[in-house]
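The sequence and the structure are shown first.

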Amino acid sequence: MTPAPDGLSDVKQKVAQAVDRLADDLERISHLIHANPELCFKEEKAAAWLTEFLEKQGAAVERGVGGLPTAFRATIESGAGRAAGPTIAIMAEYDALPNIGHACGHNVIATSGAGAGAAIALALKTLPFAGRIQVIGTPAEEGGAGKVKLMEAGVFKDVDAAMMIHGRCGTQIWRPSLGVIKVKCEFFGKASHASSWPWRGINALNATIQLFVSLDAMRQQLQPDARVHGIITKGGDQANIIPEHTAAEFYLRAPTKDYCKELLRRFEACAQGAATATGCTVTVTPDPTIHDPLKPNFTMADLFGKNLERIDFPVDPDDGEAGYGSTDCGNVSQALPTIHPYIRISPDGVPGHSREFAEWAKSPLARKGIVAAAKALAMTALDLLADPAALKKAKDEFGGTKI
Ligand SMILES: [Zn+2]
């Protein structure tokens with residue numbers, strides 16, 4: 001049964017009040033995660049703090065779901081006799097970046113998502129609507145494609161719609177993201193004394209440098225939103241040895257999966273060219289997991305926007321200054337109706353993956369973002385359970401669009 005609209009309104013108010021009651025705890029856990037940055041698949045402390053917190057508020061917690069020790073699922077279900085019904089997932093990320101810590105603000109994502117579930121559990125105990133809400137703890141967004149692994153393990157099999165929030169220098173209910181193919185490239189040459197016998201060596205570092213130069217030339221003929229960028233992970237062993245083996249890693253990004261594949265084709269040609277020019281041999285190894293671009297769901301995004309409005313949290317016009325990143329949430333969005341909106345946790349113009357953004361991720365502005373995001377996520381999940389027509393509309397939209 002769909003409850004009367006003011007019934008839903010009461011429920012939303014109770015849950016929002018519960019978020020306010022939990023706000024100090026959420027900020028404390030956010031700061032703990034921030035102060036203890038853990039890399040992909042190693043988020044043991046973060047997963048422990050989040051699951052303990054959700055359990056304490058009354059959610060049923062499963063740890064290590066999908067074969068990933070730092071993944072979890074926390075479920076809040078409807079009361080007796082209403083166990084059937086849809087499943088709405090709220091995703092939480094909590095991994096950090098190497099050396100620059102929580103410069104992507106995943107501590108904010110974690111506590112917003114867990115905060116939404118915890119507030120629902122605390123305020124309602126059991127859901128007044130048929131179905132369930134699950135907070136899914138998804139490890140390894142930065143480099144491990146944890147959500148893809150969880151999907152392959154069936155964790156999202158019964159999920160009808162999914163959502164998460166990401167911190168940013170502005171609040172936007174929709175921004176695109178790019179697909180990514182990650183690729184490793186190794187060159188093999190021949191070692192020789194770099195001074196007395198240089199002509200007897202084959203220089204694998206020259207091949208890597210040539211590849212970067214070729215990619216720079218290639219870039220001018222790419223479509224504007226495509227991105228090709230990389231680092232050298234091995235440049236040689238010592239300056240007096242002609243490098244016999246070098247390695248580099250690249251991300252090839254584009255708004256569509258097809259154009260990502262075109263980038264890989266061109267990349268392979270550049271790598272082959274660099275090998276030929278230097279006399280090296282080359283291996284190009286693309287990661288089998290392609291990150292998909294985000295598929296929008298404007299039905300769910302609108303609900304999320306209306307809930308932000310309800311709590312008087314302003315949505316910002318897109319500054320138009322920044323390009324786009326990528327996320328393993330893209331793969332979820334290609335499998336089921338999904339939203340990935342952004343909440344402000346810094347002033348305008350602060351780039352993600354910067355030390356400055358890492359500082360903002362533990363600021364009073366981040367606390368405001370966590371509280372608003374937890375409320376809006378919880379309310380949007382409740383909207384989809386309370387109103388089967390809204391969920392159907394989101395599903396119809398998902399079935400009718402392709403990106
Ligand atoms: Zn990031």
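Glu142 belongs to the loop between strand E4 (132–137) and helix H4 (146–152), and His353 to the loop between strand E12 (342–344) and helix H9 (355–360), so the pair ties together parts that are 211 residues apart in sequence. Helices (H or I, at least four residues) and strands (E, at least two) are DSSP runs, numbered from the N terminus. Glu142 is buried, at 17% relative accessibility, whereas His353 is partly exposed, at 43%. Buried means under 20% relative accessible area, exposed over 50%, and partly exposed in between (1.4 Å probe, protein chains only).

## Antiparallel sheet

Four strands form an open sheet in the order E8-E9-E7-E10, with antiparallel pairing; pairing requires at least two DSSP bridges between two strands. Strands E8 (227–234) and E10 (281–286) are the edges, each pairing on one side only.

Strand E7 (residues 179–188) is joined to strand E9 (residues 245–254) by 10 bridges. Cys185 has Ala248 in E9 as its bridge partner.

## Basis of the model

This is a predicted model, in which local features need pLDDT of at least 70 and side-chain atom pairs count only at pLDDT 80 or more, while totals for chains, interfaces and linings use all residues. Residues are numbered from 1 along each chain as its sequence is written, and side-chain values use heavy atoms, leaving out hydrogens and water.
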